[in-house]
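Please view the sequence and the model together while reading.

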Amino acid sequence: MKDHNADPVTDLVTGLVAALPEGRVLTDPDVTESYARDRTFVPPGKALGVVLAQSRDDVVATLRWASEHRVPVVPRGAGSGLAGGATAVDGCVILSLARMTRIRELSPADEIAVVEPGVITADLDRAAREHGLMYAPDPSSYEISTIGGNLATNAGGLRCVKYGVTRDSTLGLEVVLADGRVLDTGRRTVKGVTGYDLTGLFVGSEGTLGVITAATLRLRRAPVQVATVAAEFTSLRDAASAVSAIIAAGCRPSMLELMDRTTLEAIDAWKNIGLEPATRAMLIAQAEGSPDEMAALCDSASFVAEASTPEEAAELVGVRRLAYEAKERLGQCLVEDVCVPRSRLPEMISAVEEAAKRHGVTIATVAHAGDGNLHPVFIFDRGLAEPPPEVWAAADEIFRGALDLGGTLTGEHGVGLIKRRWLGLEIGPVAAELHLGIKQVFDPLNILNPGKAI
């Protein structure tokens, strides 16, 4: 006899609970809400529940259930994303991978590590350094971001000027597809060209093609000696020009980070770093060897100094890592990450400054300057549900300016939800059609992070 009082949603979630070990599924609305958003202002949809996956088998069971019932699945790591990629959609299940924290293998001989997606980026680097190695990608959020999130967005970081982004350190993946099948891609070797590059395809796909449950990552020899230089400038464009000169001279820095006056003021108000009134920009550079040539190329700087101890060097780099948190203290943030050819960095810096003045908005900019990757952060009132029109207008101008200079809308944060409206400007109709075709092959029911990235 049919129970006319049965709740279809409750029955649906009951089926998920039955498919997984006890304690894996959370349904309390208050708890679910805490998993529903990333670090953006984007309002989340209402999720059915949260799966706390602890193994690949948990992910397989969740995706088989979701495929059978056509329930959207939003994968999530630490929730430190800045593009809305991990934001819940209505009626979804949030698949948290934060408990999958095993470093399955670390091989000094092969200089590789096999890790699960919930491993914190800095923890992998620390484990590697016990063997004289390092994990090169190091986003500013490396103490809280996970390897899975880094893989999802192809994250970069402070050292990417020399070592590249996450894709450059990824040799192979274990991926659970939308229907629950397990796919192994890539290899354990540095070289390998068998078949299509499926590993590269999944890195940066923002959870729309499959859920990564393990990654084989390349480790590198940790440098024995690193020199750190800080330079202060009375003009942001002069600082950008110094960056272009350092790159053009072939200095091969391992870090080249730029902060504007607004960013420095935010950090100074929080941590009292002794900011000089005339300083409009600061450049922090590191090199594995002598820093003399880099320092000489900062000839337009008002002040140049080399860190004399490892502690001083760590303190300078620590100032750069404080940038985003310092800006969050000022208000809500729309964080962008346009990237331009390195020779066009001074022009892009000027374009950001002009957009801020023209639209009357506060923009605080930091940059992985050696890559031409800028993070203009638009700061607006906390009481607003989303950025006001003038902020979107300034962002639009900056995005279009980056594309006009031969650049891209996003260097490392991903498209997520925030940048979808501009995606067509960069990729064009042919690439858009191919993106949709690839999505159809891997996720024909469109249950994996729907509405994101493409």
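Contact here means that heavy atoms lie within 4.5 Å of each other. The model is predicted.

**Helix H4 and its surroundings**

Helix H4 covers residues 121-129, and its buried residues are Thr-121, Ala-122, Leu-124, Asp-125, Ala-127 and Ala-128. These buried residues pack against strand S5 (103-107), strand S6 (112-115), strand S7 (133-134), helix H5 (147-153) and strand S10 (211-218). An α-helix has 3.6 residues a turn, so residues three or four places apart point the same way.

**The four-stranded sheet**

An open sheet is formed by four strands in the order S1-S2-S4-S3, with mixed pairing. Strand S1 (25-26) and strand S3 (73-76) stand at the edges; each has a single partner strand, so one side of each lacks a neighbour in the sheet. S1 and strand S2 (residues 49-52) run antiparallel and are joined by two bridges. Leu-26 is placed opposite Val-50 in S2. Helix H3 (residues 56-69) packs on this sheet, where it touches S2, S3 and strand S4 (93-96). The direction of H3 makes about 165° with that of S4.

**Two helix pairs**

Two packed helices are described by the angle between their axes and the distance between the axes. The table gives both values for two pairs.

| Helix pair | Axis distance | Crossing angle |
|---|---|---|
| H1 (residues 8-19) and H3 | within 9 Å | roughly 155° |
| H13 (residues 345-359) and H14 (residues 389-404) | within 9 Å | roughly 160° |

Angles over 145 degrees count as roughly antiparallel, and H1 and H3 are therefore roughly antiparallel to each other. Their crossing is right-handed. On the H1 side the contact is made by Leu-12, Gly-15, Leu-16 and Ala-19, and on the H3 side by Ala-61, Thr-62, Trp-65 and His-69. By class, the contact of H1 with H3 has five nonpolar and three polar residues, and no charged residues.

For the other pair, the axes of H13 and H14 cross at roughly 160°, which makes H13 roughly antiparallel to H14. H13 passes H14 in a right-handed crossing. H13 contributes Met-348, Val-352, Ala-355, Arg-358 and His-359 to the contact, while H14 contributes Glu-390, Ala-393, Ala-394, Glu-397, Ile-398, Gly-401 and Ala-402. By class, the contact of H13 with H14 comprises seven nonpolar, two polar and three charged residues.

How values were computed
Residues numbered from 1 in each chain as written. Predicted model: local features only at pLDDT ≥ 70, side-chain atom pairs only at ≥ 80, totals over all residues. Heavy atoms only, no water. Buried < 20%, exposed > 50% of the residue type's maximum accessible area, 1.4 Å probe, protein only. Pairing = 2+ DSSP bridges. Axes fitted to C-alpha atoms, helices over the stretch in contact; angles between N-to-C directions. Parallel < 35°, antiparallel > 145°, perpendicular 65-115°, else oblique. Left-handed = near helix turned anticlockwise from the far one by under 90°. Nonpolar A, V, L, I, M, F, W, Y, C, P; charged D, E, K, R; others polar.
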